[in-house]
Amino acid sequence: MSNETTESWLKFLNPESLKQNLIRASIYLTCWEMLKECLLDQPRGFFSHEFRDGKWIVGSSYKTKVLSLDNDLLIASALWFRDHKALSDEDIALLRILRTHRNEIAHELTKIIGKVKSDVRMDFLDGVYHLTEKADKWWIQNIEIPISPELDNHKLTEDELNGVKSSRMILMSLLIAVANGQEDQLRWLYEEMKKKFPNG
């Protein structure tokens, strides 16, 4: 048995290693879906102006302003963000790389958990957060804040604008902390929540 085969078996059979890789894989897949939701839903919502039969109807301009940008819906949506200066060409290239790794995890999980040279790329997980942060921050700063009636008489400072976070960003950062073995903040939030809702 070669050294690589031996090390691969040891990686797979080690309960701690197996658990860590499964947690990281599931968190990567979850965060990827959150990034997809961020990129797909916001442009679609922007061009949806009619509510019928319990759902929003996408307007015809969605087809010309978003879908026409690329045959791939996700890339088309990302290009819409790029055209509004929220993302860059480098971000689009990164998105493609992140999706390739997502597909590797989803379709070749046994390789991820059982081969010594295959792992969930934590730097790519950081990349998923990076793109989500850029798109969500742009959306909040340029779409949500300008139309918010609560902020009609309040001009946000540059620091306040730069500090905005979506609930998606907060949740994703907690998940990434768990993937990195840093569970303290999540555990603290859990204990605080139990105090507020003791019978929940």
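Guide: Let's start with Leu39, which is in contact (heavy atoms within 4.5 Å) with Leu74, Ser77, Ala78, Phe81, Leu87, Leu95 and Ala135, leaving aside its neighbours within four places in sequence. A quick note on the source: this is a predicted model, where local features need pLDDT of at least 70, side-chain atom pairs count only at pLDDT 80 or more, and totals for chains, interfaces and linings use all residues. Residues are numbered from 1 along each chain as its sequence is written, and side-chain values use heavy atoms, with hydrogens and water left out.

Leu39 also belongs to the largest nonpolar core, which has 42 residues; Leu39, Tyr28, Phe81, Leu95, Leu125 and Val128 touch the most other members. Such a core is a set of buried (under 20% relative accessible area) Ala, Val, Leu, Ile, Met, Phe, Trp, Tyr and Cys residues joined through side-chain atoms within 4.5 Å. Among the helices (DSSP runs of H or I, at least four residues, numbered from the N terminus), H2 (15-46), H4, H5, H7 (122-144) and H9 (167-179) each supply at least two core residues.

Now for two of those helices. H4 (residues 73-83) and H5 (residues 89-107) pack at about 155 degrees with axes 10 Å apart; the axes are lines fitted to C-alpha atoms over the stretch in contact, and angles run from 0 to 180 degrees between N-to-C directions. That makes H4 roughly antiparallel to H5, a label for angles over 145 degrees. Leu74, Ile75, Ala78, Leu79 and Arg82 of H4 meet Asp89, Ile92, Leu95, Arg96 and Arg99 of H5 in this contact.

Notes: Parallel < 35°, antiparallel > 145°, perpendicular 65-115°, else oblique. Buried < 20%, exposed > 50% of the residue type's maximum accessible area, 1.4 Å probe, protein only.
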